[in-house]
Structure formats: C-alpha cells, structure tokens
Amino acid sequence: MVVVANDPAPYASLDARIEPDRVPGKGAPGGLHAALVTARAPWVFTAGCDMPFLSAAPIELLLALRREGELAVVPVWRGVAQPLHAVWSRAALPLVEELLARGDPSLQQIVRAAGARLVPEDEWARVDPAGRALENANTPADLARLGLAPPGP
C-alpha cells in the first residue's frame, strides 16, 4: 500500500509507504502520476483520502473488469466518471506524464485520453447500490450527511 501525500504527518501512523507528488502542483492528476511511478504491481487501485466507505465488492468488480491493453477501469456514477475510485494500469504512466508535461489536465481528461473502460452505473449498482463507495467527506456538512462523526483532537 502506498499513500501519495505531500504532507506525510497525517498518515505517519499507517503501515504504508508515503510518497510525495513527483510533479508538484498538479493536484489529483499529480497524485495519480506518483502512484503509477511508485507502483510495484502492474495495476493500481486508487482512492481519495476523503472516501470513507471503501469496500471489497466494488474494488473486486474493478479488478475483474481489467483487460490486457486497457489503461484504466473507471466506474460511472450519476453520469460522471469516478477516476479516483478506479484501477489504473502502470502502462498509463507515459500518457499521464505526457498530459502533465503539456499542462494541467483534469482526471476526467486523463480518463478520456486513456480510453478507460467505463463501468456503467447499472453494473456498478449491483455491487454498490447507493454509490456509497464513491462518497466524499470533505466538510462538516458532508460528515453529517454521511452519518459520520468529526475526527477527534
């Protein structure tokens, strides 16, 4: 397990390697790049640190849908690709590097350029009916909406 974070302090207690972005200032696309650079396996599962409801079945579906020659498998939820909860082939690294070198691509742009396999919402709903695995908790309002307590001191 690798945690991509420019500030390692919040993750120091985890039993994980912590790696910074290799291309600073690129946000989540820079994080994807760092994950692909440091990966030791041919495929990488990515998730945002703000996704509190990861579970095995959705991840297993993504892994089961991988095919030789594909660069990514990305679920679609509410009509939008969800590239932070996805599996990415290390073979996508040259494409990601090229896009980062040319500017500030969004993850959506990377998904399109990679020709990612998109998991249709109805297929995703079989393993995650409410889309819970794709939820983000970024604000106190998000925590309340998701039934979560704020982190302690």
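Asp128 sits in the loop between H5 and helix H6 (140-145); helices here are DSSP runs of H or I with at least four residues, strands are runs of E with at least two, and both are numbered from the N terminus. This is a predicted model, where local features need pLDDT of at least 70 and side-chain atom pairs count only at pLDDT 80 or more, while totals for chains, interfaces and linings use all residues. Residues are numbered from 1 along each chain as its sequence is written, and side-chain values use heavy atoms, with hydrogens and water left out.

Is Asp128 buried or exposed? Asp128 is buried, because its relative accessible area is 6% (buried means under 20%, exposed over 50%, and partly exposed in between, with a 1.4 Å probe and protein chains only). Not counting residues up to four places away in sequence, Asp128 touches Pro58, Trp77, Ala133 and Leu134, where contact means heavy atoms within 4.5 Å.

Helix H5 (residues 121-125) holds Trp124. At 0% relative accessibility, Trp124 counts as buried. Which residues does Trp124 touch, not counting residues up to four places away in sequence? They are Pro58, Leu61, Leu62, Pro75, Trp77, His85, Val119, Ala133 and Leu134.

Gln82 belongs to the loop between S5 and strand S6 (86-89). With a relative accessible area of 19%, Gln82 is buried. Leaving aside neighbours within four places in sequence, Gln82 has contacts with Val74, Pro75, Trp77 and Leu134.

Now for the exposed loop residues. Arg78 is found between strand S4 (72-77) and strand S5 (80-81), in the loop. Its phi is positive, at about 55°, although Arg78 is not a glycine. Arg78 counts as exposed because its relative accessibility is 62%. Pro42 is in the loop between H1 and strand S3 (43-46), and Pro42 is exposed too, with a relative accessible area of 59%. Setting aside residues up to four places away in sequence, Pro42 touches Trp88, Ser89 and Arg90.

| Pair | Apart in sequence | Apart in space |
|---|---|---|
| Asp128 and Leu65 | 63 residues | 15 Å |
| Trp124 and Val96 | 28 residues | 25 Å |
| Gln82 and Glu98 | 16 residues | 21 Å |
| Pro42 and Ala113 | 71 residues | 19 Å |

On to helix packing. Two packed helices are described by the angle between their axes and the distance between the axes. The axes of helix H1 (residues 27-38) and helix H3 (residues 93-102) come within 10 Å and cross at roughly 145°; axes are lines fitted to C-alpha atoms, for helices over the stretch in contact, and angles run from 0 to 180 degrees between N-to-C directions. The crossing of H1 and H3 is left-handed, a label given if the near helix is turned anticlockwise from the far one by less than a right angle (right-handed if clockwise). On the H1 side the contact is made by Pro29, Gly30, Leu32, His33, Leu36 and Val37, and on the H3 side by Leu93, Val96, Glu97 and Leu100. Sorted by class, this contact has seven nonpolar, two polar and one charged residues. Ala, Val, Leu, Ile, Met, Phe, Trp, Tyr, Cys and Pro count as nonpolar, Asp, Glu, Lys and Arg as charged, and the others, Gly among them, as polar.

Last, the rings. Arg132 lies over the face of Phe53, at 3.7 Å from the ring centre; a charge sits over a ring if NZ of Lys or CZ of Arg is within 6 Å of the ring centre and within 35 degrees of the ring normal.
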